[in-house]
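Hello,

Here is the structure we talked about handing over. Please have a look at it first, and then read my notes below.

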Amino acid sequence: NSKIWEVVGGTTTGGLIVRCSKETSSSEVPGRLATGALVVELEHDEKVERLHYERLSGDGPERGWVSTSCRGKQLLRLSNEELDVASFEEESPELNLEPEKLAMQ
């Protein structure tokens with residue numbers, strides 16, 4: 001099962017900055033990931049507090065990299081919801097949640 005995260009930060013800035021890759025120096029993706037959005041974890045680097053996601057609900061870029069915290073403030077939190085990827089893919093066959101295949105698109 002994949003982990004679901006909820007955006008809890010960005011309330012005063014219109015959402016979280018989304019970047020093309022893990023590095024915070026990489027290019028910004030147009031738009032911000034809105035507070036309250038739910039995303040599925042594709043990759044999580046706890047050491048540098050970066051999350052590669054695909055958006056499930058809410059507004060913002062469909063996929064990208066965001067910071068999970070900033071200056072000690074939590075920006076995303078793990079949701080209690082769990083996603084059964086197999087049933088999700090049956091409902092939405094156009095979404096491919098496998099990172100290896102995403103990289104090839």
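Ser 69 is buried, since its relative accessible area is 17% (buried means under 20% relative accessible area, exposed over 50%, and partly exposed in between, with a 1.4 Å probe and protein chains only). Before going on, please note that this is a predicted model, in which local features need pLDDT of at least 70 and side-chain atom pairs count only at pLDDT 80 or more, while totals for chains, interfaces and linings use all residues. Residues are numbered from 1 along each chain as its sequence is written, and side-chain values use heavy atoms, with hydrogens and water left out.

Ser 69 belongs to strand S7 (helices, H or I with at least four residues, and strands, E with at least two, are DSSP runs numbered from the N terminus). Its side chain makes a polar contact of 2.7 Å with the side chain of Glu 49. A polar contact here is a pair of N or O atoms within 3.5 Å; within protein, one must be able to donate a hydrogen and the other to accept it, and residues adjacent in sequence count only if both atoms are side-chain atoms. Beyond its neighbours within four places in sequence, Ser 69 is in contact with Glu 49, Gln 74 and Leu 75 (contact means heavy atoms within 4.5 Å). The C-alpha atoms of Ser 69 and Val 48 are 9.5 Å apart, and the two residues are separated by 21 residues along the chain.

**Salt bridges**

How many salt bridges does the structure hold? There are six, where a salt bridge is a side-chain nitrogen of Lys or Arg within 4 Å of a carboxyl oxygen of Asp or Glu. Here are some of them.

- Arg 19 pairs with Glu 28, with 3.9 Å between the closest N and O atoms. Arg 19 is buried at 17% relative accessible area, whereas Glu 28 is partly exposed at 47%.
- Asp 45 and Lys 22 meet at 2.9 Å, N to O. Asp 45 lies in strand S4 (residues 38-45) and Lys 22 in the loop between S2 and strand S3 (28-33), so this pair ties together parts that are 23 residues apart in sequence. Asp 45 counts as buried at 17% relative accessibility, and Lys 22 as partly exposed at 25%.
- Glu 62 bridges to Arg 63, the closest N and O atoms being 3.5 Å apart. Glu 62 is partly exposed at 38% relative accessibility, and Arg 63 is partly exposed at 29%.

Shared partners also link Lys 22, Glu 43 and Asp 45 into one network of salt bridges.

**The largest pocket**

The largest pocket holds about 280 Å³ of space. Strand S2 (16-19) and strand S7 (69-70) are the elements that give two or more residues to its lining, and S2 gives the most, with three residues. The lining has 15 residues, and those nearest the centre of the pocket are Gly 15, Leu 16, Ile 17, Cys 70 and Leu 75. A pocket is an open set of points on a 1 Å grid over the protein atoms alone, where a 1.4 Å probe fits, with protein on both sides within 12 Å along at least five of seven lines; lining residues have an atom within 4 Å of a point.

Best wishes

Methods:
Grid points are joined across faces, edges and corners, and a volume is the space filled by probe spheres set on the points.
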